[in-house]
Amino acid sequence: MPDIMLFVSFFFCISLCIYSLRFKLTPLNFSFSLFTAAAAIYALGYAFERMSVNLESMLFWSKFQYIGIPFIPGLLIIFTLCYTGYGEKVTCIRSLLFFIVPFISFVARWTNQYHQLFYKNPAVFNSHFGPMLSFEAGIFYFINIIYLLYALSYCTVLFIKYFFKTAFVYRMQTLLIMVALILQWFTLLIYLGGIAPKHFDINPYMFTISAILYASAIYWFSLFNIVPVARDVVFDEMNDAILVVNPDLQLIDFNKRCSTLFKSINDKAIGKSLEQLFVFQPEIIDGINNFSIAGMEIVLETDTSKVFLKLSLKQIKIINKSHVCTIITFYDITEQRMLMQRLEKLAAIDPLTGVFNRRQFEIQAEIEMRRSIRMNTPLSVLMFDIDHFKNVNDTWGHQCGDQVLKEFAATIAANIRDVDHLGRFGGEEFILIMPESNRKVAATISERLRQAIEKMILNLDGNITGITVSIGVAGRWNDENISIDSLIKYADKALYAAKQNGRNRVEID
C-alpha cells in the first residue's frame with residue numbers, strides 16, 4: 001500500500017507538470033511545471049527504492065531521486081516570487097544563484113563514492129515496513145536539508161504576507177497553496193525530528209496531498225488563467241472602476257479607481273450590500289437591479305470637476321452554469337463626453353465671436369417662441385447691423401474687421417440678461433431674442449445697447465476709432481400666434497428703416 005501511494009504521488013505530480021505546460025509559457029507556470037516534475041522524480045525514485053531488496057539497487061534509485069530533490073527548493077522559490085508579485089526579481093543571474101546549492105548537492109550525491117561527503121556506511125535496514133536504505137549523513141546532505149528548510153520557510157512567509165494583502169476573492173487560491181507548503185514543511189520536520197519510523201522518508205508520500213491541493217488551485221481557481229499578480233498589476237491600475245459582487249450583491253472585491261470615485265468603497269466595505277454602499281446614489285442600484293438599462297450613464301460631481309461614467313454588468317458563471325459573481329464596471333467616458341460637448345459647442349457657436357451661430361440661434365428662437373405662445377408671455381427680437389462695416393475692412397483689413405466683430409459681440413453680451421440669446425445672423429448682422437420682454441422693455445434695452453456700442457473705443461492697429469449700430473425691433477407683444485420666421489422678418493424690416501433713416505438709431509416695427 002505505501003508503494004502504491006508513491007506511484008499515486010508520481011502520477012499527480014507528473015500530471016500537474018504536463019497540464020501547466022498547456023498554458024502560455026511564463027516564469028510562473030514554467031517554474032511550477034519543473035517543480036512538480038522534480039517532485040515526480042522524487043516520488044518515483046523512492047517507490048523503486050522501496051521495492052528494492054538489495055543495497056546496490058537501493059543506492060541506484062536513491063541516486064535517481066537526486067535528479068529532482070536538490071532542485072525543489074530553488075524552483076519553489078521562483079514559483080513563489082512570480083505568484084506573489086516579485087517576478088521582476090527572477091532574472092537569469094538571480095535564477096542561477098537560486099540553484100548554486102542545488103547543483104552542489106546534485107554533484108555531491110552523484111560523486112559520493114569518491115569522497116563520502118554526502119553519506120557514508122550505506123546498509124540495508126530491515127524494518128516492519130520492509131528493507132530500507134540506511135546511511136550516515138554527511139556535510140552536503142545537511143547543506144541540502146538546510147536549503148530546503150530555508151526555501152519552505154521563506155516561501156511560506158511570502159504567501160502568508162500575500163494572503164493578507166490580496167483581494168478577498170483570491171484568498172482561497174492562495175490559502176490552498178499555503179496549506180500545501182506548510183504540509184511539506186511540517187512533514188520535513190517530522191522526518192528530521194525522528195518522529196517518523198527510522199529511515200522511512202514520509203516526504204514523497206505527502207506530495208500526493210500537496211499535489212491535490214495544487215490541482216485544486218489550478219482547476220477551481222484558475223491558477224494560470226487568473227493569477228492574483230495579474231490582478232494587482234492590471235486590475236488595480238485600470239482607469240475604469242470595477243466592483244465584484246456575489247449573487248446577493250454583497251461586495252467581495254474592488255479596484256483602486258473604484259475607491260477613489262466612491263468614498264463608501266474601502267476595505268471595510270467588503271461583505272456589505274450595494275444598497276448600503278450606494279444609499280445616496282439610488283440610480284446605480286436601479287441600473288444594477290435592472291439589466292435592461294445596463295449601459296446607463298451617471299455623472300459624479302467631484303471637488304474640482306465632473307466624472308462621466310457608463311455602467312456595465314457581466315455575470316460570471318462556472319461550468320455547471322451556476323452564478324458565481326457579477327463584475328460591475330464603471331467605464332470612465334469623461335474624455336469622450338467632454339469631446340462630444342466640445343463638438344456640440346463647435347456646431348452651435350460662431351467660432352469668431354463666441355455667440356450662437358445662425359442655425360443654433362434659430363433653434364433657440366423657436367424654443368422661446370413656443371414657450372411664449374404656451375405661457376402667453378411677450379417676446380422681443382432685436383436685429384443689429386454695424387454701420388459702414390465695409391469701410392473697416394477696406395481701411396484696416398479683415399483682421400481688424402474680425403476684431404470689431406468680436407468686441408461688438410462681447411459688448412452686447414455684457415449688457416443683456418442670462419435668459420437672452422444672442423446670435424450672429426451673417427456678416428456684420430447680429431440678432432437677439434429676449435423672452436418675457438414687452439415693447440417698452442425692448443425699446444429701452446435697444447437704446448441702451450445702441451449707446452453702449454457708440455461709446456466703444458477700438459484700437460485698430462494703433463488707430464483709435466469707434467463704431468455705431470442700427471437696430472430693428474419687433475415682438476410678440478399681444479396675444480397673436482406668430483411664427484419666429486415672421487417675427488425675424490419684421491425685425492429685419494425695422495432694421496432696414498433704421499439704416500434708411502440715418503443709421504445709429506433704433507426703429508420698432
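Author: First, a term. A pocket here is an open set of grid points with protein on both sides within 12 Å along at least five of seven lines. The model is predicted.

Reader: What is the volume of the second largest pocket?

Author: A volume is the space filled by probe spheres set on the grid points. For the second largest pocket that comes to about 750 Å³.

Reader: Which residues lie nearest the centre of the second largest pocket?

Author: The lining has 39 residues. By class, 26 are nonpolar, 8 polar and 5 charged. Elements supplying at least two lining residues each include α2, α3 and β2 (130-137). Nearest the centre lie Tyr42, Phe135, Tyr141, Tyr191 and Asp201.

Reader: How are α2 and α3 oriented, roughly parallel or roughly antiparallel?

Author: Helix α2 covers residues 27-51 and helix α3 residues 55-65. Their axes are 8 Å apart, at an angle of about 175°. Angles over 145 degrees count as roughly antiparallel. Therefore α2 is, relative to α3, roughly antiparallel.

Reader: How many nonpolar, polar and charged residues make the contact of α2 with α3?

Author: From α2 come Ile41, Tyr42, Leu44, Gly45, Tyr46, Phe48 and Glu49. From α3 come Met58, Trp61, Ser62, Phe64 and Gln65. The classes are 8 nonpolar, 3 polar and 1 charged.

Reader: Which residues does alanine 452 touch, not counting those up to four places away in sequence?

Author: Alanine 452 sits in helix α19, residues 439-454. Contact means heavy atoms within 4.5 Å. With sequence neighbours up to four places away left out, alanine 452 touches Thr411 and Asn415.

Definitions and conventions
Residues are numbered from 1 along each chain as its sequence is written. This is a predicted model: local features need pLDDT of at least 70, side-chain atom pairs count only at pLDDT 80 or more; totals for chains, interfaces and linings use all residues. Side-chain values use heavy atoms; hydrogens and water are left out. Helices (H or I, at least four residues) and strands (E, at least two) are DSSP runs, numbered from the N terminus. Axes are lines fitted to C-alpha atoms, for helices over the stretch in contact, and angles run from 0 to 180 degrees between N-to-C directions. Angles under 35 degrees count as roughly parallel, over 145 as roughly antiparallel, 65 to 115 as roughly perpendicular and the rest as oblique. Ala, Val, Leu, Ile, Met, Phe, Trp, Tyr, Cys and Pro count as nonpolar, Asp, Glu, Lys and Arg as charged, and the others, Gly among them, as polar. On a 1 Å grid over the protein atoms alone, a cavity is a set of points where a 1.4 Å probe fits but cannot get out, and a pocket is an open set with protein on both sides within 12 Å along at least five of seven lines; lining residues have an atom within 4 Å of a point.
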